[in-house]
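Here are my notes on the model you sent over. Have it open while you go through the points.

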Amino acid sequence: MRARKDLPQRARGGRLPRARLTALLSSSLNRKVFPMSGETSAYVFPFRPFRNLDRSIPVARIRDGGTCGLAAFEPQLGMLAPELGMPPSGESWQERLIGLCCDPQTVFGRPEWIRDLAAHWIGMAEPFVAAKRPIEFTILGFPFKAPVPLKTRRKLPDFGELVMLRRLHEFALGVGRFHAPGARIHIFAEGAFARVNGMPQSDSDAYFDALVALSEAAGFGETLVLHETSRIADETPGFLGVWEEMAEEIRARAKAGDEKTVTALREARPVTFHLCANPGVSEEQLRLAYLGDPAAAELRADLERRSDEGVIRYRAFLEARDKVRLLEDFAPGALGLTVSPRPGRIGVRPLPEPANVLPYHGVPVWNEAEKQLRIEYRWDLITTDREWTGLYLEGDSDREPFLLLE
């Protein structure tokens, strides 16, 4: 494992009292959230509540469907990440670029957020086109497999990540249909978030290494370039100090009731709360804590405490990243893609409908009859009285299935 610097000690003073912070944020844990196919969040990919937390006994049956190579998944990949068409030949590259970004197969969020800033995106792409170079894009995500056994017991990427990578690959190929040099998408895997939720950095590192290997094995090496943010953060002079400074600024803004800050923290809290690592805690205790059962009140309180701090440090990393232009050295002038759509970023759908959970937050389930992929929480699956078939990938060291069939 690569050597890493420790995070500096937190600055003293200026802390928002925990009771006040919890009051500002706690309503987000049980509020209604919108699925991926509906309204989106500009701050974080929305959290989808568990369906079966009230069930305590696993009753599902998972049969072994055998092991296969990547080629066996090509039919499903072709449906879930199809080749993107090109606008009519009479259109300019500028029109085709905006048309690709707003393609119904690709766009996430409101297309007008992209069209209203068409001049901005075209202006950013023009230097690449003039230089006859691939148009560069960036996207953040893929931090690690959720360290929550109620969501998934895998630690390495699976079919869900493969689909998301393939969709980004097809987007880059789509650019190549009107700009011969094509496109290159820089994926900044947010492994630094391991320091926010208490999971071992080694698990995030192993996930990243496996993600790179999966992308290369699938043939995406020319279009997708993967970077690891925990390494970038450690190797960028002064960044860790800026991260701490931004955390203190966010605490001060929240204390003052800044609406944008409070909203950003509130929207991120359900995600952070349900991603905190709990080594040594049984699935039953975690289930009860998520439900708010008095039998797990101590664990629940600890989760809330860690989530209150984690959500601030999560937001602080994002603001520090932008403040020091952390990614600029790796992808200068690149156009920004996002799975948290908003004006100023090009929203791209990570998985097709009906999937409404990020691939690294659950278990991929393929329905052959409906030709659909869902990402389900493991607990919801194993407490449903039915049979599933688990497929395994050749060379995969993770003992959990790569894909479930229903």
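1. Start with helix 11 (residues 259-273) against helix 13. On the helix 11 side, Ala264, Leu265, Ala268, Arg269, Thr272 and Phe273 do the touching, and they meet Arg300, Leu303, Glu304, Ser307, Asp308, Gly310, Val311, Ile312, Tyr314 and Arg315 of helix 13. Contact here means heavy atoms within 4.5 Å. By class that gives 8 nonpolar, 3 polar and 5 charged residues (Ala, Val, Leu, Ile, Met, Phe, Trp, Tyr, Cys and Pro count as nonpolar, Asp, Glu, Lys and Arg as charged, the others, Gly among them, as polar).

2. A word on where this comes from: it is a predicted model, where local features need pLDDT of at least 70 and side-chain atom pairs count only at pLDDT 80 or more, while totals for chains, interfaces and linings use all residues. Residues are numbered from 1 along each chain as its sequence is written, and side-chain values use heavy atoms, with hydrogens and water left out. Helices (H or I, at least four residues) and strands (E, at least two) are DSSP runs, numbered from the N terminus.

3. How do helix 11 and helix 13 sit relative to each other? Their axes are 9 Å apart and the packing angle is about 125° (axes are lines fitted to C-alpha atoms, for helices over the stretch in contact, with angles from 0 to 180 degrees between N-to-C directions). Helix 11 and helix 13 are therefore oblique: under 35 degrees counts as roughly parallel, over 145 as roughly antiparallel, 65 to 115 as roughly perpendicular and the rest as oblique. Their crossing is right-handed, i.e. the near helix is turned clockwise from the far one by less than a right angle.

4. Helix 13 (residues 297-323) also packs on helix 10 (residues 239-255), with axes that come within 8 Å and cross at roughly 120°. That pair is therefore oblique, and the crossing of helix 10 and helix 13 is right-handed. The contact residues include Trp243, Met246 and Ile250 of helix 10 and Ile312, Ala316 and Phe317 of helix 13.

5. Next, helix 6 and helix 8 (residues 201-217): the axes come within 11 Å and cross at roughly 55°. Glu161, Leu162 and Leu165 of helix 6 meet Tyr207, Leu211, Leu214 and Ser215 of helix 8. That makes 5 nonpolar, 1 polar and 1 charged.

6. How many cavities of 30 Å³ or more turn up in the whole structure? There are 3. A cavity, on a 1 Å grid over the protein atoms alone, is a set of points where a 1.4 Å probe fits but cannot get out, and lining residues have an atom within 4 Å of a point. The largest holds about 110 Å³, and its lining has 6 nonpolar, 2 polar and 3 charged residues, among them Gln105, Arg167 and Phe171.

7. Most residues other than glycine have a negative phi, and most peptide bonds are trans. Phe142, in the loop between strand 2 (135-141) and helix 6 (159-176), has a positive phi of about 50°. The Glu353 to Pro354 peptide bond is cis, with omega near 10°; Pro354 lies in the loop between strand 6 (346-347) and strand 7 (363-367).

Notes:
On a 1 Å grid over the protein atoms alone, a cavity is a set of points where a 1.4 Å probe fits but cannot get out, and a pocket is an open set with protein on both sides within 12 Å along at least five of seven lines; lining residues have an atom within 4 Å of a point. Grid points are joined across faces, edges and corners, and a volume is the space filled by probe spheres set on the points.
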